[in-house]
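Open the model in your viewer and keep the selection tool ready.

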Amino acid sequence: MLLLGVAVFLADRIFIVIPAGHVGALWNRFSGTRVDRIFGEGLHIISPLDVMTPYEVRKQLVVHTLDVLSAEGLTVSLELAIRFQPEYNLVGLLHETIGPDYMVRVVIPQTESVLRKQLGNASAVQIYTNEDGLLTRALLMAMNEAGRNLVAIDDIVILQITLPD
């Protein structure tokens with residue numbers, strides 16, 4: 001009777017449901033994060049001492065506004081749409097090294113860093129007109145740089161460019 005009571009009390013920690021479009025990364029109290037296995041959709045039974053963290057592996061979209069200083073010191077505002085998803089087979093490693101807030105820790109900062117570095121030496125007019133493919137090269141570099149951190153960036157789209165008055 002006591003065992004049944006404990007099982008009912010800990011049911012939400014023992015019976016874990018991973019919803020559609022997600023995978024689970026398991027942290028074991030004794031051995032740490034399981035990087036060799038991900039847990040797919042469905043019901044999983046784990047020890048109540050362990051913690052399962054779900055990760056969405058579908059394509060995700062974040063809209064972010066970025067201010068870049070041009071070569072002449074003017075602030076150019078870029079509104080970006082970043083489409084990304086975690087690398088499916090590397091979710092355990094992503095959980096161990098970065099964590100569930102990887103969008104805030106990797107995707108946005110890496111994109112900002114590369115774009116600021118690449119566009120900081122260009123004039124506002126060169127940025128706005130995409131002279132010699134400046135923006136295109138900067139966006140490709142940002143996608144490659146952030147992609148080195150266990151996250152695949154599929155596309156970065158510039159929704160709006162705002163020049164100073």
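Start by selecting Glu56. Glu56 is partly exposed, at 28% relative accessible area (buried means under 20%, exposed over 50%, partly exposed in between, with a 1.4 Å probe and protein chains only). The term means a side-chain nitrogen of Lys or Arg within 4 Å of a carboxyl oxygen of Asp or Glu.

A note on the source: this is a predicted model, where local features need pLDDT of at least 70 and side-chain atom pairs count only at pLDDT 80 or more, while totals for chains, interfaces and linings use all residues. Residues are numbered from 1 along each chain as its sequence is written, and side-chain values use heavy atoms, leaving out hydrogens and water.

Next, select Lys59 and Asp154. Their closest N and O atoms are 2.7 Å apart, in a salt bridge. Lys59 lies in the loop between strand 5 (51–56) and strand 6 (60–69), and Asp154 in strand 8 (residues 151–162), so the pair ties together parts 95 residues apart in sequence. Strands (E, at least two residues) and helices (H or I, at least four) are DSSP runs, numbered from the N terminus. Asp154 is partly exposed, at 29%.

Now go to helix 4 (residues 102–119). Select Glu112 and Arg116, four residues apart there, or about one helical turn. They form a salt bridge, with the closest N and O atoms 3.3 Å apart. Is Glu112 buried or exposed? Glu112 counts as buried, at 19%. Arg116 is partly exposed, at 39%.

How many salt bridges does the structure hold? It holds six.
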